[in-house]
Amino acid sequence: MDNITPASVGRLIRDARKQHGMTQNQLAEILKTSQSAIHRVESGTQNLSLEYINRIAEALESPIITQPGSGTMNYRIEGGHQLCGSIEVRSSKNAAVALLCACLINRGRTVLRGIAHIEEVNRILEVLTSIGVTYEWSDDERDLTLIRPAELNLDDMDVEAARRTRSVIMFLGPLMRFYDSFKLPYAGGCNLGARTVEPHLQVLRAFGLDVVATEGFYHCHVTDRTVKERHIVLTERGDTVTENALLAAAQTPGVTVLRNASPNYMVQDLCVFLCQLGVQIEGIGTTTLRIRGVEDIDVDVEYAPSEDPIEAMSLLTAAVVTKSELTITRCPIEFLEIELAILSEMGLDFELSPEYVSHNDFTRLVDVTVRPSQLRAVADKIHPMPFPGLNIDNLPFFAVIAAEAEGQTLIHDWCYENRAIHLLELGKLGADVQLLDPHRLIVRGPTRWRGRELICPPALRPAVCLLLAALAASGETTLRDVYMINRGYEDLPTRLGALGAKITVFHG
């Protein structure tokens, strides 16, 4: 029981309530309390007695706290059901974590609208609250208000939470403005092989940050705060590298020119947000950004991050693999055009609505209607590229789609050492998958998917691929320890269940 916190219990209660199809108000009525009290419980801002936890568990007909070692969340999927209807793409996971890190540079109130309740967000919030940032969810649990204290307490940082997310590396850019010396835990996240932080350190050296890695921490020292025009060429066009550079440049007076910057979706969201804080940025959506920083940022700001193209691709894949007619609404088309072009070449029947704009008044959206199709393998390999190429995080879904297509497809995942290996798990559900080397897979289709018991791999997108394939599999699939899926997707069983999928959540 030592590692159980109000925040972790609150998340379990929220998940159990949603799985039971109950609103906060309905649970409050059963417990003879207020909706705001339930909100505080679920957001982890209220200490709970064991007696009160047991009352909630009885109301939800669900064990909230299980014995040590038996409390992992699992999915039981009854496959073979077609999906129908429409489903809305939620806001971007990767934009959300960048914006949460960005709240550290703003002394005013930051309101983020439409933020998903996912484990990656929970980990960053745990780190932020441990150093003094306060936050509150709105009554409908969609909007998040954050307030940074005048002084952060870095010595109290929740190291365990920090080590469970790679996003904590984006604290480097914000913190170097306020502290001459500080330390950060090594970043974690998915197990995708060697993901060096050297590009982050290289770009931040241009702002005067010197980093020494020792004994599980990055020890950081700011050696130069000279106001000057900086011209920086990123040696790697990485998303989080570009975001770290933006967060440093936003707080640095004068002009910073970033070349070979990532123009990907989460970077564009961060740029638009920083502009609302008074930072001037030219070249949004290109590989050259010109940033004029602001020394002190104290702005009350409201911002709605754009929709997630990776979730959109996940839902498109669900339609393809279950041979369903499904409409996926609010798809950020700029970041799906290559994916849709490849799907068109494979023979997918789909239709796009007219474009409209996201709530951030910047990102272009469409609705995509997918129809059952006979797919064929593409002649060339499928491989990712930096934007505007096929998104690196969308590549794994093409392994599932290729397994539906007639013929042989080469999947080349040159970015990560381990991810292609994780996709071999599709073979346990019936796919014909051959690993050529740590980066290349051959997938032969079509596939007769069959259910079985699996353990989620330690990587978000391959784990979701197993869930999507299980939707099409004959029989029952048990997918154990789905924490990785919950890192990036909010309440996926309920949302897919509304379309006709049969997914049961259980603990043990």
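The exercises below, each with a worked solution, concern a predicted model.

**Exercise 1.** Determine how helix α12 is oriented relative to helix α16, and which residues make the contact.

*Solution.* Begin with the axes of α12 (residues 309–321) and α16 (residues 460–472), which come within 9 Å and cross at roughly 25°. Because angles under 35 degrees count as roughly parallel, α12 is roughly parallel to α16. Next comes the handedness, and here the crossing in which α12 passes α16 is right-handed. On the α12 side the contact is made by I310, S314, T317, A318 and V321, while α16 contributes R461, V464, L468, A469, L471 and A472. Sorted by class, this contact of α12 with α16 has 8 nonpolar, 2 polar and 1 charged residues.

**Exercise 2.** Decide whether S306 is buried or exposed, and describe what surrounds S306.

*Solution.* First locate S306, which is found in the loop between β13 (301–303) and α12. Its relative accessible area is 1%, and since buried means under 20%, S306 is buried. Leaving aside residues up to four places away in sequence, S306 touches S91, S92, D269, S358, N360 and T363. With D269 there is also a polar contact of 2.6 Å, which joins the side chains of S306 and D269.

**Exercise 3.** Identify the buried residues of helix α9 and elements that cover them.

*Solution.* Within α9 (residues 198–205), the residues P199, H200, L201, V203 and L204 are buried. The elements covering these buried residues include the helices α8 (172–175) and α10 (239–250), together with the strands β7 (209–214), β9 (230–233) and β10 (254–259).

Notes. Residues numbered from 1 in each chain as written. Predicted model: local features only at pLDDT ≥ 70, side-chain atom pairs only at ≥ 80, totals over all residues. Heavy atoms only, no water. Axes fitted to C-alpha atoms, helices over the stretch in contact; angles between N-to-C directions. Helix = DSSP H or I, 4+ residues; strand = E, 2+ residues; numbered from the N terminus. Parallel < 35°, antiparallel > 145°, perpendicular 65-115°, else oblique. Left-handed = near helix turned anticlockwise from the far one by under 90°. Contact = heavy atoms within 4.5 Å. Nonpolar A, V, L, I, M, F, W, Y, C, P; charged D, E, K, R; others polar. Buried < 20%, exposed > 50% of the residue type's maximum accessible area, 1.4 Å probe, protein only. Polar contact = N/O pair within 3.5 Å; in protein donor to acceptor, adjacent residues only side chain to side chain.
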